[in-house]
Amino acid sequence: MPSSFTTNDKIYRQKKQILSAAFAPRKLEAMEPLIRLHIDTFCETIAAAGKTDIAAMLGALSIDVLSDLCFGKCFDTLKNEPERDRILEAMEKAVELVIREGTMHKWPRAVWKVLHSKEKMIKRGYVYQRAAGAMMEQMNRKSEREDFFTNILQARRPDNGQPYEMPELMGESILLLVAGSDTTSTALTVIIWHLLANPKTMEKLTAEIRANFDSADAIKYQALQGLPYLHAVIEEGLRICPPNPGLIPRVVVDRAPGHLAIDGRIFPPGTEIGVCNFSLHHNPLYFDDPDSFIPERWMPNSDIKCDKAAFAPFSYGPRSCLGRNMAYMEMSLTLALLVFRLKLSFGNHEKEMLAGFDVDDAFVAIKPSVPVNVTKV
Ligand code: HEM
């Protein structure tokens, strides 16, 4: 299914322009109250449960936020447990397979058949079904609200002046849903795991939030952007375990003089190359004590080595992440509201949890469960 992620021509450039407009800072500001509403539901739901898998609930939060902002229809996965389990599993399969389609497109059909087992295809089909259903409803609904997807629905192709066709619209809807939800929830899960494993860091973050706000209602993104420790905690989470931990592939193009030279080595046109984010972020040449979670390295005037040029969780260049601003807004509000309103702990799972936090690389990180106890402050 074609999407901006898998196309590479002038149609891609036009789609990118359309999507960039949808993510403009002014439009995002207008979306803060909606994002906030879902974070409130998230905090209330996990507080009422008392014990929860925070990784799954953060997955549900980011799906609810994305489905609401993208299609004007929240999938309600925070409140509906069977729906949550089904869509999270489908999302995992969709991510694995979308990436194989994007990166192994030249492989023979027989290999594809093995990789695309029938069971996985059926499971991932559920994400397609939900995204397509929401998109169709949005096409038939007359709403004043401008969602991310409204821009694509109203756009015309530059080559023939016609609206985008259904398979392309489907591709974009799935891309937005998967790219925007899984990544943000991984980043938040990583950060919360490290905060729980480092109580002094959690205390410092909580103290910063409490010193700046006297009620949860007063917490607004504009004010959060000025809090250095919150920012440092988010950057350190994205560094220590980037949501796209592996290699983001690029193909060397055929341009004069014909070859690309990097560090004295020649890469001919057609070669797939890339930088592995996890290795980059854990290289001691760029970051002191790279395997430890040390938000202080990001604080102004810190003397802990922290080379910002080697920090690329959203990638660089024309294909870099479109949802970066939205991700910072969602991560900042979620963390601030969480530490302001709730107290989390590993409870009985402390020993097992402190053994370490590992993810699998399937282009995006596939994360483990993180069981926590939750109480209201
Ligand atoms: C912490 C959260 C996030 C991280 C770490 C992240 C990271 C990335 C990365 C590494 C890429 C690939 C860029 C490349 O190929 O060079 C990407 C692409 C993309 N991201 Fe994000 N992302 C996040 C959140 C979001 C959100 C909230 C959205 C909103 C829907 C979003 C939408 C997209 C889109 C549409 C693309 C494709 C861009 C293109 O191909 O031109 N992302 N993201």
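Predicted model: local features only at pLDDT ≥ 70, side-chain atom pairs only at ≥ 80, totals over all residues.

Trainee: OK, how many bridges join β6 to β9, and which way do they run?
Mentor: Four bridges join them, and the two strands run antiparallel.

Trainee: And what is the strand order in that sheet?
Mentor: The order is β1-β9-β6, an open sheet of three strands with antiparallel pairing.

Trainee: Which strands stand at the edges?
Mentor: β1 (51-53) and β6 (342-345) do; each has a single partner strand, so one side of each has no neighbour in the sheet.

Trainee: By how many degrees are neighbouring strands turned against each other?
Mentor: On average by 35 degrees, with direction ignored.

Trainee: Back to β1. How many bridges join it to β9?
Mentor: Three bridges, again with the strands antiparallel; β9 covers residues 371-376.

Trainee: Which residues in β9 are the bridge partners of K51 and D53?
Mentor: K51 has N373 as its partner, and D53 has P371.

Trainee: What holds strands of a sheet together in general?
Mentor: Strands pair through backbone hydrogen bonds, in a parallel or an antiparallel manner.

Trainee: Which helix lies across these strands?
Mentor: Helix α3, residues 54-71, lies across β1, β6 and β9. Its direction is at about 70 degrees to β1.

Trainee: Switching to the ligand. How many residues surround it, and which are the closest?
Mentor: The ligand is surrounded by 23 residues, and the closest are Y12, K16, R250, S315 and C321.

Trainee: What is the distance from the R250 side chain to the ligand?
Mentor: An N or O atom in the side chain of R250 is 2.4 Å from an oxygen atom of the ligand.

Trainee: And for S315 and K16?
Mentor: For S315, a polar side-chain atom lies 2.6 Å from a ligand oxygen atom. For K16, the distance from a polar side-chain atom to an oxygen atom of the ligand is 2.7 Å.

Trainee: Which elements give two or more residues to the shell?
Mentor: Those are α1 (10-22) and α8 (166-197).

Trainee: Which one gives the most?
Mentor: α8 does, with five residues.

Trainee: Last one: how many nonpolar, polar and charged residues has the shell?
Mentor: By class, 13 are nonpolar, seven are polar and three are charged.

Methods: Residues numbered from 1 in each chain as written. Heavy atoms only, no water. Near = heavy atom within 4 Å. Polar contact = N/O pair within 3.5 Å; in protein donor to acceptor, adjacent residues only side chain to side chain. Nonpolar A, V, L, I, M, F, W, Y, C, P; charged D, E, K, R; others polar. Pairing = 2+ DSSP bridges. Axes fitted to C-alpha atoms, helices over the stretch in contact; angles between N-to-C directions. Contact = heavy atoms within 4.5 Å.
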